[in-house]
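Please look through the sequence and the model below before reading on.

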Amino acid sequence: MEEYDNVVVTTGGYRGPAKAGHDETGDLFEGLDIEIVPPVPSLFTFNLPSSPVRDLMGTVVENASVSLAGTKFKAAGPLLITHWGMSGPAVLKLSSYAARYLAESRYDATLLVNWLGGKDLDSVRSGLQRTAVKNPLRQVSNSRPEEIPSRLWTYLVTKSKVREDARWAEIGPKGINRLAESLSNDSYHIKGQSRFKEEFVTCGGVALSNINNKTLECVKHPGLYFAGEVLDIDAITGGFNLQAAWSTGFLVADSISRKDNKD
Ligand SMILES: Cc1cc2nc3c(=O)[nH]c(=O)nc-3n(C[C@H](O)[C@H](O)[C@H](O)COP(=O)(O)OP(=O)(O)OC[C@H]3O[C@@H](n4cnc5c(N)ncnc54)[C@H](O)[C@@H]3O)c2cc1C
C-alpha cells in the first residue's frame, strides 16, 4: 500500500480450504484488521443419499415449492431430480437463501417439497376428493394431477401406501389424506451438498461494514478498494452475481478516476 496510490482487490469467490482473503499465496489481508464474514458455498444441489426418489433422475416438475423444515427458508420454481438428489432453480435458490444455515447444520436437514407449487394441504385434499367422486372406478395411478409427471405420480402413490392398482373408491379418506400429504408436504433427508468446487458462488467475504458503500473504498485503509465476489455479496442464479461483479468493478473504477481528477 505504501508504493501505490490505489489497490483494488478482485480475487473473486472462495474456493479453497482456508477462509476469505486466503489463497495459495497466503493471507491477503494479514495485519490490515479487515472483518471477514466467514465464507460458505452457495448455489449448490442437495444430496439425498438414501432416497429412492433418485431412481426418477431426469424428472422435472415445472413449479415446485421447496422449504427447510423448522425454518422460514423457502423457494419455488422448476425442480430437477438427479441421480444424487435434487437440483434445478428451486433448489439452487433455496441453497442460496439458506447457505449459512445449511453450512452450520453441516448439510444435514429436512427438505419439504410441495410438488404443486405451494398449493395448501386442504385444497390438494379437496381436489383429490373431487377426483375420487368423479372417477370411483378409475385406478389412482392412472389419474394424476396434470403438473405431476407419470413416473413421479407412481412413486408418490406407492410412497403414500396406496396400491398401484387401487381404484379411487377403495382408498378412502385415509388414502386420500396420505396422497395429499405426499403432494403438498413430501419430506426428504438432505445429507450433504453437491461435490466441492461445483458451487457457483461464495456467500461471505469482505464485510460490507469495512467499506464506504458509495465508493467501495476501505474505511480503515484509504486507497484500498474491493470489487466482485470477494465482497460479502451473493445472489441467486440469473446473472445477478456477474452483474454484481461488473457493477462493483465499474463503481471502483469510477471512484478512483473521480479521486484522481480532484487531485
Ligand atoms: C462454474 C461457474 C458458473 C457460474 N455461472 C454464473 C452465472 O451463470 N451467472 C452469474 O451471475 N454468476 C455465475 N457464476 C458466478 C460468477 O462467475 C462470479 O460471481 C463472478 O465471476 C465473480 O467475478 P470476480 O471478478 O469477482 O471473480 P472471479 O471471476 O472469480 O475472478 C477472480 C480472479 O482473481 C484471480 N485471483 C485470485 N487470487 C488471486 C491472487 N492472490 N493474485 C492474483 N490473482 C488472483 C483468480 O484466479 C480469478 O481469475 C458462476 C461461477 C462458476 C464458478
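Domain bounds, as the word is used here, come from an automatic or database domain assignment. The model itself is predicted, and the points below should be read with that in mind.

**Domains**
- The assignment for this protein gives domain 1 (7-42 + 199-262), domain 2 (46-117 + 187-191) and domain 3 (121-184).
- Between the C-alpha centres of domain 1 and domain 3 there is a separation of 51 Å.

**Helices α3 and α5**
- Two packed helices are described by the angle between their axes and the distance between the axes.
- For helix α3 (residues 121-134) and helix α5 (residues 168-184), the axes come within 9 Å of each other and cross at roughly 150°.
- Angles over 145 degrees count as roughly antiparallel, and α3 and α5 are therefore roughly antiparallel to each other.
- The crossing of these two helices, α3 and α5, is right-handed.
- On the α3 side the contact is made by Leu121, Val124, Arg125, Leu128, Gln129, Thr131 and Ala132, while α5 contributes Trp168, Ile176, Asn177, Leu179, Ala180, Glu181, Leu183 and Ser184.
- Sorted by class, the residues in this contact of α3 with α5 comprise nine nonpolar, four polar and two charged.

**Around the ligand**
- There are 15 residues around the ligand, and those that come nearest are Thr11, Gly12, Gly228, Asn241 and Ala245.
- Helix α6 (residues 240-262) gives the most to this shell, supplying four residues.
- The shell around the ligand is made up of five nonpolar, eight polar and two charged residues.

Notes:
Residues are numbered from 1 along each chain as its sequence is written. This is a predicted model: local features need pLDDT of at least 70, side-chain atom pairs count only at pLDDT 80 or more; totals for chains, interfaces and linings use all residues. Axes are lines fitted to C-alpha atoms, for helices over the stretch in contact, and angles run from 0 to 180 degrees between N-to-C directions. Angles under 35 degrees count as roughly parallel, over 145 as roughly antiparallel, 65 to 115 as roughly perpendicular and the rest as oblique. A crossing is left-handed if the near helix is turned anticlockwise from the far one by less than a right angle, and right-handed if clockwise. Two residues are in contact if their C-beta atoms, placed from the backbone, lie within 7 Å. Ala, Val, Leu, Ile, Met, Phe, Trp, Tyr, Cys and Pro count as nonpolar, Asp, Glu, Lys and Arg as charged, and the others, Gly among them, as polar. A residue is near a molecule or strand if its C-beta atom, placed from the backbone, lies within 6 Å of it.
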